[in-house]
Amino acid sequence: MNLPEVNRCDTPRAMMLADAVCALFDRAFALPPHRWSTADSARHRDVLASLLTRPGFVLVTAEMDEVVVGAAYGYPLESADGWWDKVEALSPEFTAESGGRTFLISGLAVDPDWQRKGVGRKVIQRLLADRPEQRVAYSVLPGATGVHSLIGRPDTEPVGYRYFPPDAPIELLEFYTLRLPIRGNRELRVPGPTPEP
């Protein structure tokens with residue numbers, strides 16, 4: 001089986017592929033445990049558009065026959081981002097950001113037809129290769145165990161949870177960090193049980 005070509009995109013290429021990346025996210029998040037709606041799709045498109053020119057933004061794609069079948073993107077956290085504000089009871093020392101401490105994996109999707117074939121792992125490895133930051137941060141749905149198989153390692157640290165209102169597209173997000181640099185494939189760390197709300 002031929003595997004897709006994995007590339008780190010410069011800003012012009014990322015802008016050119018933005019619609020294809022959004023279409024990929026629509027396909028990938030249409031399946032459980034997600035509840036991706038038309039509004040979620042539009043919101044994702046707006047967020048990605050705003051990130052494309054952000055300093056430090058990185059997009060990695062996997063393409064097969066000129067179709068984007070995998071993508072991951074992220075950026076270094078700045079203190080003004082307030083990303084950690086979503087998680088309760090974290091110390092100021094833990095949440096302090098300078099633009100060089102934490103790289104956030106902001107988006108990750110693999111086409112359903114390409115899942116469990118190594119595409120996601122290659123995209124994440126390329127995204128995190130040679131990162132200068134001290135750690136990586138990401139959030140996942142409790143049922144999205146495939147993400148842990150791509151990112152998680154024995155030293156992955158669960159840092160908290162965020163609950164959402166009943167009408168939100170998701171009920172709960174789990175937040176994690178792991179230390180950089182990441183070298184090679186590491187053993188998967190399966191997170192513990194989800195706490196009761």
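Visitor: Is phenylalanine 25 buried or exposed?

Guide: Buried means under 20% relative accessible area, exposed over 50%, and partly exposed in between, using a 1.4 Å probe and protein chains only. Phenylalanine 25 is buried, with a relative accessible area of 3%. This is a predicted model, in which local features need pLDDT of at least 70 and side-chain atom pairs count only at pLDDT 80 or more, while totals for chains, interfaces and linings use all residues. Residues are numbered from 1 along each chain as its sequence is written, and side-chain values use heavy atoms, with hydrogens and water left out.

Visitor: How many aromatic pairs are there?

Guide: Rings of Phe, Tyr and Trp (its six-membered ring) pair if their centres lie within 6.5 Å; planes under 30 degrees apart count as stacked, over 60 as edge-to-face and the rest as tilted. The count comes to eight aromatic pairs. In one of them, the rings of phenylalanine 25 and tyrosine 73 have centres 5.7 Å apart and planes at 40°, so the pair is tilted. Phenylalanine 25 lies in helix α1 and tyrosine 73 in strand β3, so the pair ties together parts 48 residues apart in sequence. Helices (H or I, at least four residues) and strands (E, at least two) are DSSP runs, numbered from the N terminus. Tyrosine 73 is likewise buried, at 2% relative accessibility.

Visitor: What is the order of the strands in the open sheet?

Guide: Strands of a sheet pair through backbone hydrogen bonds, either parallel or antiparallel. Two strands are taken as paired if DSSP finds at least two bridges between them. Here seven strands follow the order β1-β2-β3-β4-β5-β7-β6, with mixed pairing. The edge strands, β1 (5-9) and β6 (157-163), each pair on one side only. β3 and β4 run antiparallel and are joined by seven bridges; alanine 72 has leucine 108 in β4 as its bridge partner.

Visitor: Which residues of the largest nonpolar core touch the most other members?

Guide: A nonpolar core is a set of buried Ala, Val, Leu, Ile, Met, Phe, Trp, Tyr and Cys residues joined through side-chain atoms within 4.5 Å. Of the 32 residues in the largest one, Val21, Leu48 and Leu59 touch the most other members. α1 gives the most to this core, with eight residues.

Visitor: Where is arginine 131 found?

Guide: Arginine 131 is in the loop between α4 and β5, and it counts as buried at 13% relative accessibility.
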